[in-house]
Amino acid sequence: MKNNKAIILLYLSSFLKNLQFFGAVAVPFYLHRVGLDYASMFLLEAIFSFCMMIFEIPTGVVADRWGRKISLFYGSVFFGAGFLLFGIFTSYPILIIAEIICAFGMTLLSGADRALIYELLKDGHREDRAVKVMARYDAFGAAGMFLAFPAGSLFAGSNIVSYKAALGLVFVATAAAVLTAGIIILFVK
């Protein structure tokens, strides 16, 4: 059935968008690569949280008006672009912009994935499988985080490149995974 392929692509997308290699080294990134104090670090996170709150409803309209797939694709593009900025730049104003871009991307992703899965199941008259499919979708995402957190930490401490460079590269690797998740979304029919 055509929807099975789409569901599998969404599982893969969930895995990739959750390959967040920076997760275990975010605080060292801020402290050692960027040179922030805790107050500046948490101000960035507060900006991210505030922007998530502000963007949540308007970005939900994007999914409702132009489609879940469009919302997921652009969400991945913005989310990935924000991580790319984190990986390349250390300027505080650019990091603020990166937080805003990440928040915008995340809100485009928020809920659109589950709505798309449900719509695919509904089209195939298989709504009764929604709980099982959603659980697998979450499991693929958790597997991505489970693998990425230690992998990012191991890479940062590996001395393959300098520690400061490695702290930036884990953000670049996260951006690559999230952007790849967005490309996969384009193949969902």
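Q: What share of the 189 residues of the protein count as buried?
A: Buried means under 20% relative accessible area. In this predicted model, 44% of the 189 residues count as buried.

Q: What does the secondary structure of the protein come to, and what pattern does the protein follow along the sequence?
A: The protein has 8 helices and 0 strands. Read along the sequence, the pattern is α-α-α-α-α-α-α-α. The radius of gyration is 17 Å, close to the 16 Å that the globule rule gives for 189 residues, so the protein is as compact as a globular protein of that length.

Q: What does the C-alpha trace span along its principal axes?
A: The spans are about 55 × 35 × 25 Å.

Q: Among contacts with a separation of 6 or more, how many are between residues 24 or more positions apart?
A: Contact means heavy atoms within 4.5 Å. Here, residues 24 or more positions apart account for 79% of the contacts with a separation of 6 or more.

Q: How much accessible surface does the protein have, and what part belongs to carbon and sulfur atoms?
A: The total is about 9500 Å², and carbon and sulfur atoms hold 72% of it.

Q: Which residues form a nonpolar patch on the surface?
A: The patch is formed by W66, I70, Y74, V77, F78 and L179, which together have about 530 Å² of accessible area. Helix α4, residues 68–88, gives the most to this patch, with 4 residues.

Q: Why does V77 count as partly exposed?
A: Partly exposed lies between the 20% limit for buried and the 50% limit for exposed. V77, found in helix α4, counts as partly exposed because its relative accessibility is 31%.

Note on methods. Residues are numbered from 1 along each chain as its sequence is written. This is a predicted model: local features need pLDDT of at least 70, side-chain atom pairs count only at pLDDT 80 or more; totals for chains, interfaces and linings use all residues. Side-chain values use heavy atoms; hydrogens and water are left out. Patches are made of residues with over 30% relative accessible area and no salt bridge: like charges are joined within 9 Å, nonpolar side chains (Val, Leu, Ile, Met, Phe, Trp, Tyr) within 5 Å. Accessible areas come from the Shrake-Rupley method with a 1.4 Å probe; for residues, only the protein chains shown count as cover. A salt bridge is a side-chain nitrogen of Lys or Arg within 4 Å of a carboxyl oxygen of Asp or Glu. Helices (H or I, at least four residues) and strands (E, at least two) are DSSP runs, numbered from the N terminus. Buried means under 20% relative accessible area, exposed over 50%, partly exposed in between (1.4 Å probe, protein chains only). The radius of gyration is taken over C-alpha atoms; the globule rule is 2.2 Å times the number of residues to the power 0.38.
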